[in-house]
Amino acid sequence: ALGVISLSLIPHAISSAAESVFQAQERMEFIALAQLGAQTAQLLSSVVVLLLGYRIVALAWVLVGGQCLMAFIEGVVIGRMGLWNGFRFDWKGSLHALKMSWDFFLMSVSVTVFNRLDVLILSQLVGETGVGVYNAAYLVVRVVNFVSISYSHSVYPVLSRFFGESSARFKLLLHKSLSLGVTGLLLPAAVISVMADVLVRILYRGDGYSLSATLLRIESPFIVIYLWNALLASGLMSSNRQRRSVIVSGVKMTAGFVYYLLLTEQLGVVGTAWATVLAGLTGAVLNYLFVNREVCRLDPVSSIGKP
């Protein structure tokens, strides 16, 4: 499975480059378009794979396929925009870009590794059955998280521009994004928690996924945590604190490894779900502390309660 997942690195690199172009031109709707198509296809394919009885290797191929589809959609859009015209590889420019973007590279590596830790550790400690049950629940959470990551990608270049133009507008946009995001996601998180059994029965047939409802209830708060993580990370990067984001990503990855290892060993797949929430909370707290100390003061109570 690890060998299969590693194949997603090349299309992921292509997607990252394409999304950087879209963000630079403040055309983030193309990122949302590509992610919507790829995530929908990946969700439907994962459900089919699980219903047919396939396990972790098949799910790994689904992940690779989703990443390839996203890279393809974004490549086609760039072609339609005419950005491929006159394209040539510039070694000198590439080395300069690599030097200037080293922090972004390290952060991407940390995030990519963290996003694979749960399944890799779960497959080793519990087995493929546990991976299937866990993925059945997390796929529902991932659909909602798609909205959060799309919005954080969209707001990032605007935050970056506001940081250079007006600190007051930067703080206002970040505050409004956090407060409105929490307000908008609390209801879906609550519905998912309350209706977990119904959702699992609708999506998956058979008694083999009954535990997925419990995992879904545990992971429902992760929806709000994920949004805060994404927006606060955008706040750090757009204010030229990329090194802080690298630190947060590294600590989150390391803490996540410890959480997943210890809790999965003790509690099985339920421990993996708790580890996901704890790792996300660790990253959100660290991002908030850095933003609040070095970028702008944010009152967490008003950010949640006063959109």
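**Notebook: helix H3 and its neighbours**

I began with a helix pair: the axes of H2 and H3 come within 8 Å and cross at roughly 145°. Axes here are lines fitted to C-alpha atoms, for helices over the stretch in contact, with angles from 0 to 180 degrees between N-to-C directions. Helices are DSSP runs (H or I, at least four residues), numbered from the N terminus. I looked up who touches whom: Glu19, Phe22 and Gln23 of H2 meet Phe30, Ile31 and Gln35 of H3. Contact means heavy atoms within 4.5 Å. I sorted these residues into three nonpolar, two polar and one charged.

This is a predicted model, where local features need pLDDT of at least 70, side-chain atom pairs count only at pLDDT 80 or more, and totals for chains, interfaces and linings use all residues. Residues are numbered from 1 along each chain as its sequence is written, and side-chain values use heavy atoms, leaving out hydrogens and water.

Next I checked the length of H3. Its 23 residues (29–51) should span 33 Å at 1.5 Å a residue, and the end C-alpha atoms are 33 Å apart, which agrees. The expected span is 1.5 Å times one less than the number of residues. Just after H3, I found glycine 53 with a positive phi of about 90°.

Which residues of H3 are buried? I listed Phe30, Ile31, Ala34, Gln35, Ala38, Gln42, Ser46, Val47, Val49 and Leu50. Buried means under 20% relative accessible area, exposed over 50%, partly exposed in between (1.4 Å probe, protein chains only). The buried residues of H3 pack against H2 (9–24), H4 (56–80), H7 (128–165) and H9 (196–203).

Conventions. Helix = DSSP H or I, 4+ residues; strand = E, 2+ residues; numbered from the N terminus. Nonpolar A, V, L, I, M, F, W, Y, C, P; charged D, E, K, R; others polar.
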